[in-house]
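Take a moment to look over the structure below. We'll walk through a few spots inside it, one at a time.

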Amino acid sequence: MHGILIIAPNWIGDAVMTQPLLASLKAQYPESKIDVLASTWVAPIYRACSEIHEVIEAKFEHKQLQWGLRKELASKLALKKYQACFVLPNSLKSALIPWLANIPFRIGYRGELRFGLINVALDNPSKVNRPPMVEHYLALGQILNGEHASPTNVNLTPKLNVSSPAHHSVQAKLKTARIDESHIYVMCPGAEYGPTKRWPTSHFAELAQSIVANNPNNQIILLGSKSDRPLAQEIEAQAKQDGHIHNWCGDTSLDEAIALIGMSKAVISNDSGLMHIAAALKTPQVAIFGSSDPAHTPPLSDKAQVIWLNLPCSPCHKRECPLGHLKCLNDILPAQVLATLNTLPS
């Protein structure tokens, strides 16, 4: 098979968890060139995947059909004569481009009225017994060898590489900010999903104080998107660690965030895309779970420790706490996270 196209998921964490599928496809079809069509938002993840030949960026917007853009992309992709396309999102619109581009094998999960658009399909697993996301994507890679073929010698832990330009760019930023790159701790206070995935800012602030108290050379960088900036400002104000805590939310590209996470001593995060990036870079990390299920989307790394209280009401998968107390996160105390942090392998 000479040409394979991947239609990427729309979330950073999901994109990270597709890397073992890419490795599996490269092992099965070593001569093939694997390209990926990705939104501008997740494209940096695929630039960090060694299996990818070309990243084709598209300005997709959430919940928009963008028919004109999809037709235009399809006509360009048709010229590349891909033999197979793996459609990783479950939506109808994500299946339109490979169908319009006349790619012979259009592989994905059944769903959202995609009959015909997807012509090599697997049934979606039930919401009750959902497999881990890595295995969910990996199953698609075996479908051309027979529906129930099992993957051979595939590493189930995602692996990303830091690009040289991003690494140099981050080094320059650290130098300008007079931050010693050998003493960086990264905190990721955001989570796109909502408050039930966000550890309280007061807890992050207290943890920051303890990290600096342990070693005055330690520097804390708050990392996330522009929408996480207010959370980071709260942490800064509560921590009162001028000169030791730096709010970089919204000030780095995702390529730079990957590089920064790769060079940090440890990452403390919620269940978020940046959590999965830290795992794929094998950076020591503490991952804090609230309303979500660490069995379904854990950080896949032997250098990761998960803290989850497993309360009777968890996982509820709600954006706001239905009981109003958010105990699943409030009751994870900074001292527990610090103790866990101190046990991480370097």
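Before we start, one term: two residues are in contact when they have heavy atoms within 4.5 Å of each other. Also keep in mind that this is a predicted model.

## A look at Ile97

Let's begin with Ile97, which sits in helix α5, the stretch covering residues 96-100. Is Ile97 buried or exposed? Its relative accessible area is 2%, and buried means under 20%, so Ile97 counts as buried.

Which residues does Ile97 touch, if we skip its neighbours within four places in sequence? The contacts are Leu37, Phe60, Arg70, Leu73, Ala74 and Leu77. Now try finding Ala172: it comes 75 residues away from Ile97 along the chain, and the C-alpha atoms of the two are separated by 40 Å.

## Rings and a charge

Next up, aromatic rings. A pair of them is described by how far apart the centres are and by the angle between the planes.

## The largest cavity

Now for some empty space. Rolling a probe the size of a water molecule over the atoms shows where such space is left. In this structure there are two cavities of 30 Å³ or more, and the largest has a volume of about 40 Å³.

What lines the largest cavity? You'll find Pro44, Arg47, Ala48, Asn161, Val162, Ser163, Ala166, Asp255 and Ile258 there. Helices α3 (43-47) and α10 (254-263) each bring at least two residues to this lining. Sorted by class, the lining has five nonpolar, two polar and two charged residues.

## The second largest cavity

The second largest cavity has a volume of about 30 Å³. Around it are Val16, Met17, Pro158, His276, Ala279, Ala280, Pro298 and Leu300.

Which helix gives the most to the lining of this second largest cavity? That's α11, residues 273-280, with three residues. As for class, the lining of the second largest cavity has seven nonpolar residues, one polar residue and no charged ones.

Technical notes: Residues numbered from 1 in each chain as written. Predicted model: local features only at pLDDT ≥ 70, side-chain atom pairs only at ≥ 80, totals over all residues. Heavy atoms only, no water. 1 Å grid on protein atoms, 1.4 Å probe; cavity = no way out; pocket = protein on both sides within 12 Å on 5 of 7 lines; lining within 4 Å. Points joined across faces, edges and corners; volume = space filled by probe spheres on them. Helix = DSSP H or I, 4+ residues; strand = E, 2+ residues; numbered from the N terminus. Nonpolar A, V, L, I, M, F, W, Y, C, P; charged D, E, K, R; others polar. Buried < 20%, exposed > 50% of the residue type's maximum accessible area, 1.4 Å probe, protein only.
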